[in-house]
Amino acid sequence: MHLDDATGRTAPTGGRAEPSPDARTRGPEARRGIPLDEAEALRLMATVSLGRLVFTRQALPTVRPVSHLLDDGDIVIRTPDAAALLAHGLPDARRGVVVAYEAGSIDPRTHLGWSVSVTGYAMPVEDRADLERYRSLLRPLGEPHADRPVRIRPELVTGVLLVRQDGGAD
């Protein structure tokens, strides 16, 4: 192992360089999180089309990537896991199944960007007009005939903007 003074990385002799602990936290790479209010968090979520759905399956948390859109304050997703998602939820059919949903845009190199998490209740979309509209607007990640639109009503919305320690966004 040796430290490359030019890059600030440690590397085994003849091997690939790894960032040193100092190089990961010093200078402009240092970051801080700024909490987002609910309106700004949902506004940012509306700027991306993909996120991660978290639900319970066989008593364990399950995470699935899905496409989404925001509609009148609700998050609408398309998922082939709708049957599994809706089968293991709360017995209260009026509220739906408790889920979490996360979307964000974080640069893999700088680790700057934003992340929004929503906890709420998921219900299948039943209205025929809404079903057709969501199917035309949302591109499925899996087989389109196997997926189903699901509406998530947010109860708790949290978000964070990740900026440089000096306050810059990029």
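A salt bridge is defined here as a side-chain nitrogen of Lys or Arg within 4 Å of a carboxyl oxygen of Asp or Glu. In the structure, which is a predicted model, local features need pLDDT of at least 70 and side-chain atom pairs count only at pLDDT 80 or more, whereas totals for chains, interfaces and linings use all residues. Residues are numbered from 1 along each chain as its sequence is written, and side-chain values use heavy atoms, with hydrogens and water left out.

By the salt-bridge rule, the count comes to eight. One of them joins the side chains of Asp-130 and Arg-151, at 3.7 Å from N to O. Asp-130 belongs to helix H4 and Arg-151 to strand E10, so this pair ties together parts that are 21 residues apart in sequence. (Helices, H or I with at least four residues, and strands, E with at least two, are DSSP runs numbered from the N terminus.) Arg-151 is buried at 14% relative accessibility, while Asp-130, at 22%, is partly exposed; buried means under 20% relative accessible area, exposed over 50%, and partly exposed in between (1.4 Å probe, protein chains only). Both residues take part in a network of salt bridges that also links Asp-71, Asp-74, Arg-133 and Arg-153.

A further salt bridge connects Arg-52 and Glu-102 (2.5 Å, N to O). Because Arg-52 lies in strand E5 and Glu-102 in strand E8, the pair ties together parts 50 residues apart in sequence. Arg-52 is partly exposed, with 35% relative accessibility.

The interior was examined next. In soluble globular proteins, nonpolar side chains tend to be buried together. A nonpolar core is a set of buried Ala, Val, Leu, Ile, Met, Phe, Trp, Tyr and Cys residues joined through side-chain atoms within 4.5 Å. The largest such core has 22 residues, and Leu-53 and Tyr-101 have the most contacts inside it. Two or more residues are given to this core by each of several elements, including helix H2 (38-45), strand E5 (50-57) and strand E8 (97-106). Apart from it lies another core, of six residues, among them Leu-69, Val-76, Val-125 and Leu-138.

Ser-67, in strand E6 (residues 60-71), is buried, with a relative accessible area of 3%. The side chain of Ser-67 reaches the backbone oxygen of Arg-139 at 2.7 Å. Not counting residues up to four places away in sequence, Ser-67 is in contact (heavy atoms within 4.5 Å) with residues including Val-76, Tyr-101 and Leu-138.

Key. A polar contact is a pair of N or O atoms within 3.5 Å; within protein, one must be able to donate a hydrogen and the other to accept it, and residues adjacent in sequence count only if both atoms are side-chain atoms.
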